[in-house]
Amino acid sequence: MPFARLAAATTPTCHIGFGLAAVGRPGYITLDRDHDLGADRSVETLRARTHELLDAAYAQGVRYFDAARSYGRSEEFLADWLKARPDVDDIVVGSKWGYTYTADWTTDADRHEVKDHGLPTYERQRAETAELLGDRLDLYQIHSVTPDSPALTDKELHAKLAESAAQGLTVGFSTSGPAQADAIRAALAVTVDGEPLFRTVQSTYNALETSAGPALAEAHDAGLTVIVKEGMANGRLADPHAPDALRAVAAQTSLGCDAVALALILRQPWAGVVLSGAATLTQLASNLHAAVVDLDDDQLNRLAGLAEEPGAYWERRAGLPWH
C-alpha cells in the first residue's frame, strides 16, 4: 500500500496531508474565502497559488496530496506540479471520482458539482484522471459515499475497482453526511472474491462532528488507512469563527485555533492522515503546527464539549454559501 511510505517518514508533519478542494476551483464553501483568495481567481492565478502551496507543504514534510475530479482543475494543477518536479518521488497522490465539476470556473453556478456513482461515470472519470496523473496516482476514492449509494451494492463496479486494485492502484472511499458511520460499516463489508475491496476511508471528523469516530476506529482495526477531511469544519474552527472553548485552549498553547483543532484529530489512534485545506501560506504554516501541539486532559475535556448533534452539523454545512 502506498501509505506504507508514510510509516518510514520521519518528519513531524508526514501525517498531515494537503487537500486541494479550496484552491483547485474559484468557488467553495469555506468561510472567509473572499479574504483568503481575493478577487483574482483566474485559472493561472489559482494554478500559481496551488503550486506555491504544494512547494511549501512538501518542503515542510507533507507527503500526502489529495485532489478530486470535482475540485475544478485540482488534478491538472497537481499534475503540472509533479511534471515540473520529477525528483519528488516520496509522496502519495490521491484523487476521487463520483462527482462531476459543473461550475465552469464561476462562483455563482446553480450547481457546482453533480454526483453519480454509476459505472459509466467511474470509467469516464478514471480515464480523465489517468490522462492527467498517469502512474503518479496512488489512491482512487469513491467520492462521498452515503448509506444509499449504489457504489455499495454494484457488483459490476466492484469488479472494475478490483481490477484496478490488482494492477496496483489503491481503492478507497470517502464519506459525508450525518450517517457517515453507517456508510463506513457498509463499505467495510464489501468484498470481491472474498477479499475486502477498500483499503482506505476518508471521512469528516472534527471538534464539532465526532460521530464517525467509532466506525473509523473499526476501519483502522480492519487494516484501512484513515484519512480525515474537513478538520476545520469549513472554517468554523478557525479565527475569527472559533468557539470560545477552542479559543481559550489555543491561547494556552500560544498557537492558532486551527493548529489545536487539527491536533485534536492527530491524537486519535486511528487517524492515519489529517488533511489541511489551507488556501494561503500563512494558513498552511499555522496548520502544520498541529504536529507539535500537546493537549492535557483538562483541555481535551473542554474541547469534547464542542461536539454537535450530527444532523444539526450537516444541516448547517449544507447551508454554507459557495464563495
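Which residues of strand S1 (residues 16–19) are buried on one side, and which on the other? Ile16 and Phe18 are buried on one side, and Gly17 and Gly19 are buried on the other, so both faces of this strand are covered. Here, buried means under 20% relative accessible area, exposed means over 50%, and partly exposed is in between, using a 1.4 Å probe and protein chains only. As a rule, side chains in a regular strand alternate between the two faces of the sheet.

Before going further, a quick word on what you're looking at. This is a predicted model, where local features need pLDDT of at least 70, side-chain atom pairs count only at pLDDT 80 or more, and totals for chains, interfaces and linings use all residues. Residues are numbered from 1 along each chain as its sequence is written, and side-chain values use heavy atoms, leaving out hydrogens and water.

Now zoom out to the barrel. It is closed, has 8 strands with parallel pairing, and runs S1-S2-S3-S6-S7-S10-S11-S12. From one strand to the next, the twist averages 25 degrees. Strands (E, at least two residues) and helices (H or I, at least four) are DSSP runs, numbered from the N terminus. Two strands pair if DSSP finds at least two bridges between them.

Back to S1 and its partners. With strand S12 (residues 273–276), S1 pairs in the parallel sense over 3 bridges, and Ile16 stands opposite Val274 there. Strand S2 (residues 64–66) also runs parallel to S1, joined by 2 bridges; in S2, Phe65 is the bridge partner of Phe18.

Follow S12 to strand S11 (residues 225–229), and you'll find these two paired in the parallel sense over 2 bridges. Val274 turns up again, as the bridge partner of Val228. S11 itself is mostly covered, with 5 of its 5 residues buried: Thr225, Ile227 and Lys229 point one way, while Val226 and Val228 point the other.

S11 is also joined to S10 by 5 bridges, and the two run parallel. Val201 has Val226 in S11 as its bridge partner. Together, S10, helix H8 (residues 213–221) and S11 make a right-handed β-α-β unit. Right-handed means that, with the strands pointing away from the viewer, the path from the first strand over the helix to the second runs clockwise.

Tyr140 stands opposite Val171 in S7. Helix H7 (residues 180–188) packs on the sheet, touching S6, S7 and strand S10 (200–204), and its direction makes about 160 degrees with that of S7. Contact means heavy atoms within 4.5 Å; axes are lines fitted to C-alpha atoms, for helices over the stretch in contact, and angles run from 0 to 180 degrees between N-to-C directions.

How do the two helices meet? The axes of H7 and H8 come within 8 Å and cross at roughly 20 degrees. That makes H7 roughly parallel to H8, because angles under 35 degrees count as roughly parallel. In H7, Ala181, Ile184, Arg185 and Leu188 meet Pro214, Ala215, Leu216, Glu218 and Ala219 in H8.

Finally, look at Ala187, which is found in H7. Ala187 counts as buried because its relative accessibility is 3%. Not counting residues up to four places away in sequence, Ala187 touches Leu152, Phe173 and Phe198. Ala187 and Phe198 are 11 residues apart in sequence and 7.3 Å apart in space, C-alpha to C-alpha.

Notes:
Parallel < 35°, antiparallel > 145°, perpendicular 65-115°, else oblique.
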